[in-house]
Amino acid sequence: MSRTLLYNANIVNEGEIFSGYIVTDGEFIAEVVRREAPFDETTPDFGIVASGCDMVIDCAGRLLLPGVIDTHVHFREPGMTEKGDIATESKAALAGGVTSFVDMPNTRPATVTMATLEDKLQRASEVASANYGFFIGATNDNIEELLSVDYSRVAGVKLFMGSSTGNMLVDRERTLEEIFSHVPAVIAVHAEDEAIIKAARERLTEEYDGDIPVECHPDMRPREACVAATEHAIELARKHDARLHVCHISTAEELQDIKAAKRDGVKVTAETCPQYLMFDRNDFLLSGARIKCNPSIKEASDRIALLRELHGGVIDSIATDHAPHLPAQKVGNALTAASGMPMVQFSLPAVMDMMRHEPECEDMTAADVAELMCHAPARIFGIDRRGFLRPGYYADIVMLEKNQDAAGHPVKITDEDVISRCGWTPVAGRAFADRVGAVMLNGVIAYADGAFYPAHPLPLKFNTVTR
């Protein structure tokens with residue numbers, strides 16, 4: 001087994017940022033050592049530590065974080081691979097510091113049986129660049145399948161309370177009751193009320209004679225749909241003592257509902273996404289359908305409320321809802337342009353940038369980013385030995401460096417930088433303060449300075465069984 005020493009680092013882990021070094025041994029972390037005093041080639045005990053290592057890396061004061069765990073991605077395989085697939089999108093993820101991903105089931109065919117899920121696991125074992133896991137999807141008639149799943153191999157159940165790719169809308173109350181009362185794992189919910197959306201769509205279609213401007217997308221999929229569905233999911237979780245995870249929170253009202261539910265002891269966790277923290281409906285005027293996603297981008301006041309709660313204990317985690325579409329599919333109006341955007345390659349630098357520059361985040365540090373993007377996802381889904389820099393845990397480590405060119409100028413992101421098959425990003429033109437310099441995956445340097453190296457991604461193991 002090879003050993004690696006990462007020294008002269010600022011280690012970000014479990015609420016702290018401290019100077020020190022990390023030693024990895026094979027796939028795992030062997031040591032995490034706090035060392036405030038200098039520790040380099042001139043230090044007497046440096047040679048003792050380094051002598052047993054096959055590789056010695058001077059981090060030059062850069063930040064070392066646990067690998068990001070993105071528990072909400074759509075890698076489009078099978079059935080929509082013209083947009084992206086497990087190979088291309090996991091490669092983009094790795095370049096963004098995402099060492100583990102959990103893919104959603106609304107593919108073609110939908111991942112609603114263990115047979116289709118096994119196919120995804122097999123494909124990922126062949127082509128993935130990052131550690132991989134998957135949700136199984138709920139439908140109106142697959143409850144028996146959901147109850148037969150080995151949830152040590154599956155992240156949980158994805159439940160769409162709003163329409164999605166693959167006709168996975170669950171709209172029968174009896175089915176919802178069965179899912180919340182019997183599923184023994186995390187129930188991750190896309191919470192939008194379909195009846196409210198339908199009524200809004202019909203009203204706007206008539207008002208605009210079928211050509212609804214893309215900037216009206218927040219009106220076509222209104223906040224009321226999110227709030228009603230989230231409240232419904234919370235009440236089901238309360239009634240049946242179920243584990244609820246509300247995906248992609250986009251409104252201030254949902255934050256208040258979740259805060260109250262947590263106070264009451266409901267087993268609920270909440271996720272938001274970088275797009276709801278960066279954009280509001282005013283940005284449609286500049287970005288158009290590039291920022292069209294479901295749930296819709298909402299008001300500036302919602303964005304500010306979400307930013308404020310990143311440090312308040314209401315929002316537990318940040319995931320991307322990475323959903324690539326080809327540029328031609330993102331053209332049109334609120335009805336015709338595809339919903340979804342690629343985000344997995346730039347999510348960590350984007351959130352770090354918010355921490356540094358958004359007034360609502362002035363009390364945050366890189367340790368809070370690690371909590372939201374590394375620690376919390378591992379806890380919520382019981383991911384085995386990942387998400388933390390601890391001895392005995394898998395050596396998934398991200399090195400962040402300053403995003404500067406040789407002259408010290410910030411480097412702007414362009415569509416040409418995008419690794420995802422779709423070939424574009426909604427953050428083109430932005431220059432974040434940080435970029436991913438290197439990524440270690442299961443103890444091996446898998447990405448560094450824009451280049452990829454052979455590594456060995458592994459299937460994620462989960463522990464979320466509660467019944």
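**Close-up 1. Asp85 and Arg421 pair up in a salt bridge.** The closest N and O atoms of Asp85 and Arg421 sit 3.0 Å apart; a salt bridge here is a side-chain nitrogen of Lys or Arg within 4 Å of a carboxyl oxygen of Asp or Glu. Asp85 is in the loop between β6 and α2, while Arg421 is in the loop between β15 (397–402) and β16 (434–441), so the pair ties together parts that are 336 residues apart in sequence. (Helices, H or I with at least four residues, and strands, E with at least two, are DSSP runs numbered from the N terminus.) Asp85 is buried at a relative accessible area of 9%, and Arg421 is partly exposed at 38%. Buried means under 20% relative accessible area, exposed means over 50%, and partly exposed is in between (1.4 Å probe, protein chains only). Keep in mind that this is a predicted model, where local features need pLDDT of at least 70 and side-chain atom pairs count only at pLDDT 80 or more, although totals for chains, interfaces and linings use all residues. Residues are numbered from 1 along each chain as its sequence is written, and side-chain values use heavy atoms, with hydrogens and water left out.

**Close-up 2. Glu77 meets Arg123 in another salt bridge.** The N to O distance for this pair is 2.7 Å. Glu77 belongs to the loop between β6 (68–73) and α2 (86–95) and Arg123 to helix α3 (residues 114–127), so the bridge ties together parts that are 46 residues apart in sequence. Glu77 is buried, at 12% relative accessibility, whereas Arg123 is partly exposed, at 30%. Searching the whole structure turns up 32 salt bridges.

**Close-up 3. A salt bridge links Arg223 with Glu253.** Their closest N and O atoms are 2.7 Å apart. Arg223 is part of helix α8 (residues 223–240) and Glu253 is part of helix α9, so the pair ties together parts that are 30 residues apart in sequence. Arg223 is buried with a relative accessible area of 19%, and Glu253 is partly exposed at 33%. Elsewhere, salt bridges that share partners join Arg3, Asp25 and Glu31 into one network.

**Close-up 4. Helix α9 crosses helix α12.** The axes of α9 (residues 252–263) and α12 (residues 300–309) come within 8 Å and cross at roughly 35 degrees. Axes are lines fitted to C-alpha atoms, for helices over the stretch in contact, and angles run from 0 to 180 degrees between N-to-C directions. On the α9 side, the contact (heavy atoms within 4.5 Å) uses Ala252, Glu253, Leu255 and Lys259, and on the α12 side Asp302, Ala305, Leu306 and Glu309. Sort these contact residues by type and you get 4 nonpolar, no polar and 4 charged. (Ala, Val, Leu, Ile, Met, Phe, Trp, Tyr, Cys and Pro count as nonpolar, Asp, Glu, Lys and Arg as charged, and the others, Gly among them, as polar.)

**Close-up 5. Strands β6, β7 and β8 make an open parallel sheet, in that order.** β6 and β8 (131–134) are at the edges with a single partner strand each, so one side of each is left without a neighbour in the sheet. Going from one strand to the next, the twist averages 20 degrees. Two strands count as paired if DSSP finds at least two bridges between them; β6 and β7 share 4 bridges, and 4 bridges also join β7 to β8. Phe101 of β7 stands opposite Asp70, and the bridge partner of Phe101 in β8 is Tyr132. Helix α3 packs on the sheet and touches β7 and β8, its direction making about 170 degrees with that of β8. Strand β7 (residues 98–103) is mostly covered, with 6 of its 6 residues buried.

**Close-up 6. Strand β15 pairs antiparallel with β5 and with β16.** The pairing with β5 (residues 63–66) has 4 bridges, and the one with β16 has 6. Leu63 stands opposite Leu400 in β15, and Met399 has Ala438 in β16 as its bridge partner. In β15, 5 of the 6 residues are buried, so the strand is largely enclosed by the rest of the structure.
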